[in-house]
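Keep the viewer open and follow along.

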Amino acid sequence: KIDAWQYALLMFASCFTVVACILYATTVQKGAFKKRGAAITHLGFGLMIVGVLLSGYKKEVISINTLGLVMDFGKPTMAENAIESRENVLLFRNTPVVMGEYTVTYKGDSVSTTDPRTFYKVHYERRDTVTNDLKESFTLYPDAFVNPKGQEGLIANPDSRHYLTRDIFTYVTSVIDPEKRPDTASYKEHKVREGDTVYFDNGYLIFNGFNKRVDDDRYVPHATDLGAVSANLKVYDVNGYLHDMKPVFILRAEGIEVVEDTSRSTGLFVQLANIIPEEDAAVLLTKQLDPKDDYIVMKALLFPYINVLWLGIVVMVLGFFISLWNRTTKKN
């Protein structure tokens with residue numbers, strides 16, 4: 001259903017284009033297929049406009065803010081911030097939130113030393129409303145980074161889930177500044193031997209001994225180093241194995257230095273604080289962030305029949321190359 005007459009007129013024109021181009025290419029134009037390039041190009045353009053109207057005019061926001069929380073999006077007035085806040089949802093790490101027919105959980109983020117972007121792990125689940133059986137499960141990784149010009153503003157890139165008749169676009173609109181993130185947790189000391197387990201809020205890690213050969217970009221050897229080792233730790237949550245952690249212990253002439261390792265998906269920080277050779281043991285310091293200290297603000301949009309738009313673009317480009325083929329092979 002289209003309410004605005006301008007969009008209705010555009011839909012009529014684009015549908016007329018599609019039908020007319022098909023009719024022209026199949027009944028009016030004669031001869032070789034390569035002569036139909038112009039009709040195919042205009043057919044693609046008509047399909048593209050139909051796809052824009054279907055997906056853009058009837059798009060649906062599924063990230064409805066049910067908390068009534070007004071967030072600051074840098075708009076000129078509080079009223080504009082309130083309007084934008086209605087379509088953005090606040091996600092605390094590992095705290096499920098219902099969005100439409102999905103339950104969405106922010107699982108943490110990941111970074112790279114060679115990439116300025118931060119990737120945010122957002123997990124979607126869809127369950128049967130009667131039996132609660134899992135019907136669908138997937139994870140999206142929208143990314144964002146601070147605008148390098150002036151170091152202000154967030155540049156976000158969406159990630160999407162593709163279906164035949166719709167797409168779900170997810171992108172981050174606001175994140176907590178790591179430099180301003182409150183540190184409400186404190187380190188806990190654990191004396192461990194090989195095979196021992198250390199538990200944290202939503203999982204555990206297993207100490208599997210030491211790595212005497214430290215291969216870690218965070219460790220920069222010095223001339224005064226007397227030795228360096230890393231702990232071999234495997235991290236698990238309720239769903240199973242997540243990844244390894246390898247905090248580094250460095251013995252230098254001027255003293256001891258440690259390189260902390262971080263599990264961004266669990267908010268866990270681990271230090272290899274000491275080694276006790278006579279007991280074949282190690283001392284680990286662990287700290288886990290409160291989920292309320294790690295969050296993102298996210299917007300999710302459902303675009304129906306956006307594949308019609310992509311089909312139109314493909315057909316339009318195909319028609320261009322057919323016309324190019326016809327022109328280059330045309331005899332003078």
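Start with strand β14 (residues 225-237): 10 of its 13 residues are buried, so the rest of the structure largely encloses it. Here, buried means under 20% relative accessible area, exposed means over 50%, and partly exposed is anything in between, using a 1.4 Å probe and protein chains only. Strand and helix names come from DSSP runs, numbered from the N terminus: helices are H or I with at least four residues, strands are E with at least two. This is a predicted model, in which local features need pLDDT of at least 70 and side-chain atom pairs count only at pLDDT 80 or more, while totals for chains, interfaces and linings use all residues. Residues are numbered from 1 along each chain as its sequence is written, and side-chain values use heavy atoms, with hydrogens and water left out.

Which strands does β14 pair with? Strand β13 (residues 203-211) runs antiparallel to β14 and is joined to it by seven bridges, with Y204 standing opposite Y236. Strand β16 (residues 248-252) is also antiparallel to β14, through five bridges. Strand β15 (residues 240-245) is antiparallel to β14 too, again with five bridges. Two strands count as paired if DSSP finds at least two bridges between them. β14 and β15 make a hairpin with two residues between them, and D237 has G240 of β15 as its bridge partner.

S230 has a relative accessibility of 4%, so it counts as buried. Its bridge partner in β16 is V248. The C-alpha atoms of S230 and Q271 are 9.7 Å apart, although 41 residues separate the two along the chain.

## A four-stranded sheet

Now look at the open sheet of four strands, ordered β11-β20-β19-β18 with antiparallel pairing. The edges are taken by β11 (188-193) and β18 (261-263); each has a single partner strand, so one side of each has no neighbour in the sheet. From one strand to the next, the twist averages 30°.

Inside that order, β19 (residues 268-276) and β20 (residues 281-288) pair in the antiparallel sense over eight bridges. To find your place there, look for L268, which stands opposite Q288 in β20.

## Two helices side by side

Two packed helices are described by the angle between their axes and the distance between the axes. For helix α2 (residues 37-57) and helix α4 (residues 306-329), the axes come within 7 Å and cross at roughly 165°. Axes are lines fitted to C-alpha atoms, for helices over the stretch in contact, and angles run from 0 to 180 degrees between N-to-C directions. α2 and α4 are therefore roughly antiparallel to each other (under 35 degrees is roughly parallel, over 145 roughly antiparallel, 65 to 115 roughly perpendicular, and the rest oblique).

The crossing of α2 past α4 is left-handed, meaning that the near helix is turned anticlockwise from the far one by less than a right angle, with clockwise being right-handed. What sits in the contact between α2 and α4? By class, there are 18 nonpolar, eight polar and no charged residues. Nonpolar covers Ala, Val, Leu, Ile, Met, Phe, Trp, Tyr, Cys and Pro; charged covers Asp, Glu, Lys and Arg; the others, Gly among them, are polar.

## Salt bridges

Side chains of opposite charge can pair when their charged atoms come close. The structure holds 12 salt bridges, a salt bridge being a side-chain nitrogen of Lys or Arg within 4 Å of a carboxyl oxygen of Asp or Glu. One of them joins K299 and E84, at 3.7 Å from N to O. K299 is in strand β21 (residues 295-304) and E84 in helix α3 (residues 78-85), so this pair ties together parts that are 215 residues apart in sequence. Both K299 and E84 are buried, and a network of salt bridges links E84, E87 and K299.

R126 and E136 form another salt bridge, with the closest N and O atoms 3.0 Å apart. R126 belongs to strand β5 (residues 115-127) and E136 to strand β6 (residues 134-140), so the tie is between parts 10 residues apart in sequence. R126 is buried at 18% relative accessible area, and E136 is buried at 10%. R252 and E257 meet at 2.3 Å, N to O; there R252 is buried at 4% relative accessibility, whereas E257 is partly exposed at 38%.
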